[in-house]
Amino acid sequence: MVLRLLDERSADRPCRPGAAGAAAVHSLVDRIRRLRPSDEEGNRLLRTLHTALDDRPADQIALLHGQLTGAGPVDRCNAVLLAAALVREWRGDHSRTVALLGEQLSTREAEEEQGRLRDTTVAVLAELFALAAPAADRLHALTVARPDRWVQRWPREAPLLGRALHALALTGDPRAVPLLAKVVAGPVVPRDLGAAVAALGARAAPLAPAVRQALAVVPLEAPGTATPLLSTLRALRDTESLPSVLRLLHGARTAAGERLVPAALAAVAAFGGAAREAGPALRALLDGEHALAAADALWAVEGDPAAVLPVFLRELASGDAPHRAHAAHSLSRLGPGARTALRALRRTVETDGGRAGTAAACAVCEITGEADATVVTALRSAWTEHPRSRPAVAACLTSLGSRAAPLRDLAATELAAPRRHTVRRGGHGSHDIPMDEELLRLCRGVVERT
C-alpha cells in the first residue's frame with residue numbers, strides 16, 4: 001500500500017520551480033535544492049515509517065527494494081539515503097540492496113533530479129567499501145564514461161579522487177587500477193589516493209613505478225603532494241622508493257616538511273627489513289615529537305627490542321592518553337621481547353580504564369601468551385563499555401587461540417547480534433561498516449579456535 005501511494009504521489013507531484021532545466025544557481029537556496037532531494041515531506045514520512053519498523057529489518061528491506069524500483073527519481077533518491085542508514089545499522093546479506101543501488105547510476109545528464117540521484121548513490125556506495133561489490137559494474141561504467149570526474153578539485157583545498165572512482169577502488173575491483181594510473185600520471189595528486197590503493201591491495205602493484213617517480217621529484221621547499229604519495233607507497237610496500245622517502249626525511253626542516261614526517265615514517269615501517277639503511281635517520285628521531293612513530297619504524301626495520309623499549313616505556317609512563325595507548329599497542333607488537341615492560345603495562349591496566357588500559361591489557365596477552373584474571377576483567381569491561389574497542393580486543397583474542405576461552409562468549413554473542421557494533425546516536429564514521437565487518441571476521445576466528 002505504501003509503495004502504491006508513493007507511485008501515485010510521485011505522478012501527481014508538480015515539478016518544483018527552478019528544478020529541471022534550471023540554467024544557473026542563483027542563490028544559496030537554489031544550491032541546497034540541487035544538493036538534496038526536493039521532496040522533504042515525503043522523505044520525512046518515509047523516515048518515520050522506517051523508524052517504526054526498527055526491529056523488523058526484513059520489512060524495511062522489502063520497502064526499500066520497492067522504493068528503489070519506483071518511478072520517481074526523488075523517491076528513489078530518498079530510498080538511497082534510507083538504504084545507507086539500514087546497511088550502516090544492520091548486519092546481513094545486503095547484496096540485493098546494493099545491486100539495486102547500482103541500478104541508480106544512470107550516466108544521463110538531461111535531468112537534474114537524475115543527476116542528484118546518481119551523485120547521492122555514489123556517495124553512499126563509497127561508504128560500503130567491499131560491500132559495494134555488487135554495484136561495481138555500474139560504478140566502473142559510470143567512471144569510464146566521465147573521465148573529467150576522476151579528480152575533484154576544490155578552491156583552496158587539496159584535490160580528492162572523484163567519488164565514483166574512489167568507490168570503485170574501495171570495493172577492491174582491479175578495474176580501478178588503470179584508471180588510477182591515469183590519475184597518477186596527471187598534474188595533481190588526490191589526497192585520498194593512498195586509501196584507494198590500500199583497498200586494492202596487491203592488485204595495485206602496477207602503480208608503484210609512477211608513484212615512485214612522482215615522489216622523487218617533490219621539491220623539499222614545497223612538499224605539499226608528498227603525503228598522499230607516501231601513503232600510497234606505504235600501501236604498495238614499495239621498497240624501491242626508500243631513497244626518495246629518506247630524502248624527504250632528511251630534508252624535513254620547514255613547517256610543511258615536518259607535517260610529512262609521520263607519513264614518511266609509516267612508509268619506512270611498511271618496508272620492514274628491506275629498509276635497514278634508514279636506521280640512522282630513525283634513531284635521530286627517537287627523542288623528538290615523532291618518537292613513537294620513529295620507534296615503530298625502527299622496530300619494523302631492525303627488530304631490536306632494546307633499541308625501542310626506552311621510547312615506549314617513556315611514553316607509557318608520561319605521555320597523554322593517546323600516546324599511552326599508542327605505546328601499549330607498540331609494545332604488544334614486540335611480543336616476548338617486551339617482558340621488561342610487563343610491570344608498567346599491568347599498572348596501566350589497573351589505573352586506566354580507557355583506550356590505554358585496553359591496549360595495555362592486549363599487550364600483556366601478546367607478551368605472555370595468556371590472559372590472567374585482571375586482564376580478562378579489563379578486556380570484558382572494555383568490550384561492554386567501549387564498543388569501538390571490540391576489533392582490537394577481538395584481534396587480541398584471536399592471537400591467544402584456545403587460551404581465549406574465558407572470553408569466547410563475547411565473540412559468540414557478537415556473531416549472534418543483528419546490529420552493528422558501530423551504531424550510535426548523533427552520526428556515523430566513514431569506516432563504520434568495514435570496521436564492523438572486520439570485527440565479525442575476527443569473532444568467527446575466535447569462536448573456531450576456542
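Trainee: Is the crossing of α8 and α9 left-handed or right-handed?
Mentor: This is a predicted model, in which local features need pLDDT of at least 70 and side-chain atom pairs count only at pLDDT 80 or more, while totals for chains, interfaces and linings use all residues. Residues are numbered from 1 along each chain as its sequence is written, and side-chain values use heavy atoms, with hydrogens and water left out. Helices are DSSP runs (H or I, at least four residues; strands are E, at least two), numbered from the N terminus, and a crossing is called left-handed if the near helix is turned anticlockwise from the far one by less than a right angle, and right-handed if clockwise. By that convention, the crossing of α8 and α9 is left-handed.

Trainee: At roughly what angle do the axes of α8 and α9 cross?
Mentor: The axes are lines fitted to C-alpha atoms, for helices over the stretch in contact, and angles run from 0 to 180 degrees between N-to-C directions. For helix α8 (residues 136-145) and helix α9 (residues 163-170), the axes come within 9 Å and cross at roughly 145°.

Trainee: How many nonpolar residues take part in the contact of α8 with α9?
Mentor: Contact here means heavy atoms within 4.5 Å, and α8 contributes Ala-136, Leu-139, His-140, Leu-142 and Thr-143, whereas α9 contributes Ala-164, Leu-165, Ala-167 and Leu-168. Ala, Val, Leu, Ile, Met, Phe, Trp, Tyr, Cys and Pro count as nonpolar, Asp, Glu, Lys and Arg as charged, and the others, Gly among them, as polar. No charged and two polar residues are found in this contact, and the number of nonpolar ones is seven.

Trainee: Which backbone nitrogen lies 2.9 Å from a polar atom of the side chain of Asp-352?
Mentor: Asp-352 sits in the loop between α21 (342-351) and α22 (355-368), and with a relative accessible area of 15% it is buried. Not counting residues up to four places away in sequence, Asp-352 touches Arg-324 and Gly-357. The backbone nitrogen at 2.9 Å from its side chain belongs to Gly-354.

Trainee: How many residues are in the largest nonpolar core?
Mentor: A nonpolar core is a set of buried Ala, Val, Leu, Ile, Met, Phe, Trp, Tyr and Cys residues joined through side-chain atoms within 4.5 Å. Those that touch the most other members of the largest one are Leu-125, Leu-215, Leu-230, Val-268, Leu-331, Leu-345 and Leu-379. Leu-379 in turn touches several residues beyond four places in sequence, including Val-393, Cys-396 and Leu-397. The number of residues in this core is 130.

Trainee: Which residue takes a positive phi just after α24?
Mentor: Helix α24 (residues 390-400) has Arg-390, Pro-391, Val-393, Ala-394, Cys-396, Leu-397 and Leu-400 as its buried residues, and these pack against α22, α23 (373-385), α25 (408-416) and α26 (432-449). Just after the helix, a positive phi of about 65° is taken by Gly-401.

Trainee: Is Arg-237 buried or exposed?
Mentor: Most residues other than glycine have a negative phi. Arg-237 lies in the loop between α13 and α14 and has a positive phi near 50°, but at 55% relative accessibility Arg-237 counts as exposed.

Methods:
Buried means under 20% relative accessible area, exposed over 50%, partly exposed in between (1.4 Å probe, protein chains only). A polar contact is a pair of N or O atoms within 3.5 Å; within protein, one must be able to donate a hydrogen and the other to accept it, and residues adjacent in sequence count only if both atoms are side-chain atoms.
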